[in-house]
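Here are a few friendly notes to read alongside the model.

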Amino acid sequence: MREEKKKNKEGKEREEGKEREEGANKNGAKKEKPEIILRVENLSRTYIRGKIPVHALRCACLTVRKGELLAIMGPSGSGKSTLLALIGTLETASGGKAFLDGTDLTTVPEKLLPRLRREKIGFIFQHYNLIPTLTALENVELAMRFSGVPKKERVQRAKALLEELRLEDRLHHKPTELSGGEQQRVSIARALANRPALILADEPTGEVDTKTRDSIVRVFRELSEKGQTIIVVTHDPAVAKECSRVLQIVDGMISDED
Ligand SMILES: Nc1ncnc2c1ncn2[C@@H]1O[C@H](COP(=O)(O)OP(=O)(O)O)[C@@H](O)[C@H]1O
Ligand SMILES: [Mg+2]
């Protein structure tokens, strides 16, 4: 009898847990939320400048689900790049944890980090960071070279990605022969090459005109609609407006209600 009661209670708790996980859509029908791709727990980073500690990031908490296009906004020096660098494992945290696709990034041994970055994270930077001596196609193909993808497939996939980004006429152009917007689209193709769980973009439209900005944002939206998870740091309200969610960071502090 007592067993029976316990079972019922457990069942009820499970149901309640499930309800919490589910959001209701417009028609009131239950719709399951997409899976969590990234969970950041009390992540912090302190730099020591001379003898003075700089708290670049303080106890950041954040949950990002599959297919989200999340904008992070905040004044200059508020810790936006630090947060992306920690999630991207380019910097080491002073405290806290970050789980990407189930892996705790803060405990991965240093020598395994390049592989993790290559396989799980795509980076997009303000200054594109393309290799100037390589063509668009070669820049994208290079990203796959250390991932064990055979040459033929690398070229095929690079071509397909560049075509998707409407660069089919620019495959053999070098970065100096491309406009800013085209270079940024090559860098987006490169970021997508290894089918990462997460794309991190640090002010990707910081250097381009408004028309190019809008075309880059459109690409992000299309990718997000196809299930690609993207975090974009931006100063630009016009970029943030197109994102599925916007979080503010001030003085290294960010809060997320999820
Ligand atoms: N390598 C570093 N050494 C010392 N201080 C740093 C370093 N990187 C960033 N900071 C400081 O951390 C704070 C946050 O920087 P950052 O994350 O680059 O801000 P944002 O990207 O929002 O402009 C700033 O005060 C910055 O000066
Ligand atoms: Mg920055």
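1. Which element gives the most to the shell around ligand 1? It is α2, with three residues. This is a predicted model, where local features need pLDDT of at least 70, side-chain atom pairs count only at pLDDT 80 or more, and totals for chains, interfaces and linings use all residues. Residues are numbered from 1 along each chain as its sequence is written, while chains are lettered from A and ligands numbered from 1 in the order in which they are written.

2. Around ligand 1 (C-beta atom, placed from the backbone, within 6 Å) you will find, among them, Y47, R49, K80, S81 and T82. At least two shell residues come from each of β3 (36-49), β4 (52-65) and α2 (80-87); helices (H or I, at least four residues) and strands (E, at least two) are DSSP runs, numbered from the N terminus.

3. Helices α4 (136-145) and α6 (180-192) have axes, lines fitted to C-alpha atoms over the stretch in contact, with angles from 0 to 180 degrees between N-to-C directions, that come within 8 Å and cross at roughly 25°. The two are therefore roughly parallel (angles under 35 degrees).

4. Do look at two loops too. R195, between α6 and β9 (198-202), has a positive phi of about 45° although it is not a glycine. Most residues other than glycine have a negative phi. D251, in the loop between β11 (245-250) and β12 (253-254), also has a positive phi, near 50°.

Conventions
Parallel < 35°, antiparallel > 145°, perpendicular 65-115°, else oblique.
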